[in-house]
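Visitor: I am new here. Please show me what we are looking at.

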Number of protein chains: 2
Amino acid sequence: MANAREKEQFLQYLRGRGQRVTGERLALFEEIFSQHGHIDAEELLAAMKARGLKISRATVYRNLDLLVESGLARKQRLGSRGFLYEHVHFGQQHDHLVCTGCGRVVEFVSLGIAALQGEICRAHGFVPTRHTLQIAGLCNRCAEASAASDTAQSRGEVPAHV
Amino acid sequence: MANAREKEQFLQYLRGRGQRVTGERLALFEEIFSQHGHIDAEELLAAMKARGLKISRATVYRNLDLLVESGLARKQRLGSRGFLYEHVHFGQQHDHLVCTGCGRVVEFVSLGIAALQGEICRAHGFVPTRHTLQIAGLCNRCAEASAASDTAQSRGEVPAHV
DNA sequence: CAGATTGTTGAGACGAAATCTCAATAAGGA
DNA sequence: TCCTTATTGAGATTTCGTCTCAACAATCTG
């Protein structure tokens, strides 16, 4: 299994805190680690039901937070509403480009930005625990599409202010 | 008046779209430009009522969004819930350090990070319209405080995974 | 393995934040 | 001043998430 290591980490996290290894927790773990992209709690709930597992909304939310606490998942607001979750492979940190046209999310990693963030924190005596960087805009496909029908300006669209 | 230029921009934005210059809009503009930090819609509503203006919640939300569209305000999630608004002086873009201890928000500007973001967008054929960068952690004051009473580890706190 | 202990679950109530509805109002033009 | 129509206010509604508590089940103990 590809997630053996993360699964072991999860089990140790639970046992180390006297928490129980339940069927619901394992099922949720499997589900989120079988997903590639970002997923929200409601979708996750639906996905579990679609698999024939009965699990309640409260349990999904509770255990999603548990996965975040254990360091195995990240919770972020990528759209305008709600949280999205994604699994984490070995603390691999990445940031996001979010297309406001089609909703596509592209991940990227920048060591340069990470280094500059470190410098900024040092300069402010700030001890960072996590960060969020999102760049919203149009992906290549949507940018071309909107360049074609270019009456956007005259329709009073929101001007870009980067 | 210090905001004359921004106010003019707002009026032009409204007129250019055939939208009306109402007392509520002007009052809201004054209020948000008289605030220094970040403020949420409910606080803004309360502040307006405290000034003796009667204005409804719906109007506050609607016009806050209008200010954002006009480029005069930014809307961001800085805490775990709700949006915070801040006024914008001339597209002056900045990012945030958010202390998870005391809630303090520190602003910073990094040209280096901005440049790297530009490169990343170019590499992905992505046309950015805006971005959000937040670094959560402990500010200098809170970091010292927690270093003092350092039994946190043994109490099973969430480990930092930057 | 049975029984006790106590963490976990499910269903729905609850809460906060934000949006929507629609009749009444008022801004801007004629 | 009158007309057209954008805007407002009050409250209902939606969305997203958390809380409550009795029933359940994971784990420990003898």
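Visitor: At what angle do the axes of helix H3 and helix H4 of chain B cross?

Guide: The axes of H3 (residues 41–50) and H4 (residues 57–69) of chain B cross at roughly 120° and come within 10 Å. Axes are lines fitted to C-alpha atoms, for helices over the stretch in contact, and angles run from 0 to 180 degrees between N-to-C directions. This is a predicted model: local features need pLDDT of at least 70, side-chain atom pairs need 80 or more, and totals for chains, interfaces and linings use all residues. Residues are numbered from 1 along each chain, chains are lettered from A in the order written, and hydrogens and water are left out of side-chain values.

Visitor: Why are H3(B) and H4(B) called oblique to each other?

Guide: Under 35 degrees counts as roughly parallel, over 145 as roughly antiparallel, 65 to 115 as roughly perpendicular, and the rest as oblique. The angle is roughly 120°, so H3(B) and H4(B) are oblique.

Visitor: Which residues of H3(B) and H4(B) meet?

Guide: B:Ala41, B:Glu42, B:Leu44 and B:Leu45 in H3(B) meet B:Arg57, B:Val60, B:Tyr61 and B:Leu64 in H4(B). Contact means heavy atoms within 4.5 Å.

Visitor: What makes A:Arg25 a polar contact of DNA strand C?

Guide: A polar contact is a pair of N or O atoms within 3.5 Å. A side-chain N or O atom of A:Arg25 is 2.5 Å from a phosphate oxygen of DNA strand C, so the pair qualifies. For A:Thr59, the side-chain distance to a phosphate oxygen is 2.6 Å. B:Val21 uses a polar backbone atom, 2.9 Å from a phosphate oxygen.

Notes
Helices (H or I, at least four residues) and strands (E, at least two) are DSSP runs, numbered from the N terminus. A polar contact is a pair of N or O atoms within 3.5 Å; within protein, one must be able to donate a hydrogen and the other to accept it, and residues adjacent in sequence count only if both atoms are side-chain atoms.
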